[in-house]
Protein chains: 2
Amino acid sequence: MTVTKRGRPRSFDREAALAQATRLFWEYGYEGTSIADLTRAMGISPPSLYAAFGDKRALFTEVVDRYGGTFGAFMGRALEEESDVRTGFARMLREAAVSYTDPLHPAGCLVITAATNYSAQTADVERDLRQRRVANVRDFEERLTRAEKAGSLPPGAEPRALAVYFAAVVQGMSQQARDGASAAELERVAELAMTAWPVPKGA
Amino acid sequence: MTVTKRGRPRSFDREAALAQATRLFWEYGYEGTSIADLTRAMGISPPSLYAAFGDKRALFTEVVDRYGGTFGAFMGRALEEESDVRTGFARMLREAAVSYTDPLHPAGCLVITAATNYSAQTADVERDLRQRRVANVRDFEERLTRAEKAGSLPPGAEPRALAVYFAAVVQGMSQQARDGASAAELERVAELAMTAWPVPKGA
DNA sequence: TAAATTTTACAGCGATCGCTACGTAATCCG
DNA sequence: CGGATTACGTAGCGATCGCTGTAAAATTTA
């Protein structure tokens, strides 16, 4: 045990430095965050970083583990604390909506997006791809709005909400495919997703 | 017009080279694919690449545009060709399931995943994050299986399908948050997603 | 065949990457 | 106080990044 610490004491707050590293990795991804970026945000020099955290890979692992115990812990809590399974899943989704858009930290989930890297000089690439995705959501919305006006959708069907929902499903299917889901599994996802389609009031 | 071409003719197939570049960007992302990777796969030298495509950024844009007209075209077709809106969205999701898992090309959608970069030396980071996500899906599945056995889920509720579905929704919500969706929009997504929850036969 | 034009491969540019050797500063133990 | 120990900043390592200068090779035009 190292109860007594000899030598020159550390001159920075390890937890605060870890929080800064979390913010950077969350925002810019693993490769998109350089050692220079980290040392600048943490207010320390490279040797101090390596002495305190090992190397970049080890620091990242520590960041992800810490994330799971803090920002990402709402998922397990929601599923664990609710006695009813359905209530648990519903609460998890609701809290995800809040957490993923909390302006106090980067958007989305670190575990999902930390491989999405963009450094300063390639930020426009990510911006271009994002614009294409946003345009796609708008295309969904316009088609749904036209359908509602044409009477093929029940009134009050919320084209915007449906568009974001279907875009999220498509993007989730893409991610699941990257993570190894089979065609059969994704086809079941497609079927399940269609249960959200609005039904007329009197049906 | 350059009907007649003077000088030394190009010694490689531009379309084939573009297809190789598409494969690399699709699999490894923009930053994860280096000029050296590209020239190796395309079978050409750097000056030939720059003469034929401009620079890396322009090549990537051409790749994404080409993708939209080929692999990614099924979406617009499904929504356009079906007279009924609901049938169009259902077909789009079904075809996404097939396309995203087609073993003839990288998994998922290029526009969604091309910012997910991982080079050779950081592939283990992406692998680690993927394992965490896969473990999460399994956790969902186990909870749903236990609920089914305990009778809190109707029989034949397909825990695996539901787990993949809810994981996809969560990941889609994360991506939508990154793309600028609001908390209110994501909360509506959460509500809509819950309509997939299985109901007892006699209800 | 000679001049003009374009593509080719080789080699290397400056910048940035993750990482570290080195000497100094600051603390604890005796 | 002196010696041991640990953290610090500076400065720079080798490797890789996107990209290009240069000259030879290959083709069309005159």
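How many helices and strands does chain A have? Chain A has 10 helices and 0 strands, where helices (H or I, at least four residues) and strands (E, at least two) are DSSP runs, numbered from the N terminus. The radius of gyration of chain A, taken over C-alpha atoms, is 22 Å, well over the 17 Å from the globule rule for 203 residues, so the chain is more spread out than a compact globule. That rule is 2.2 Å times the number of residues to the power 0.38. The C-alpha trace of chain A spans about 75 × 45 × 35 Å along its principal axes.

A note on the basis. This is a predicted model, in which local features need pLDDT of at least 70 and side-chain atom pairs count only at pLDDT 80 or more, while totals for chains, interfaces and linings use all residues. Residues are numbered from 1 along each chain as its sequence is written, chains are lettered from A and ligands numbered from 1 in the order in which they are written, and side-chain values use heavy atoms, with hydrogens and water left out.

Next, the packing. Of the 203 residues in chain A, 50% are buried, meaning under 20% relative accessible area with a 1.4 Å probe, protein chains only. Among contacts (heavy atoms within 4.5 Å) in chain A with a separation of 6 or more, 55% come from residues 24 or more positions apart.

Now the second copy. The same surface serves both copies, as 100% of the contact residues of chain B recur in chain A.
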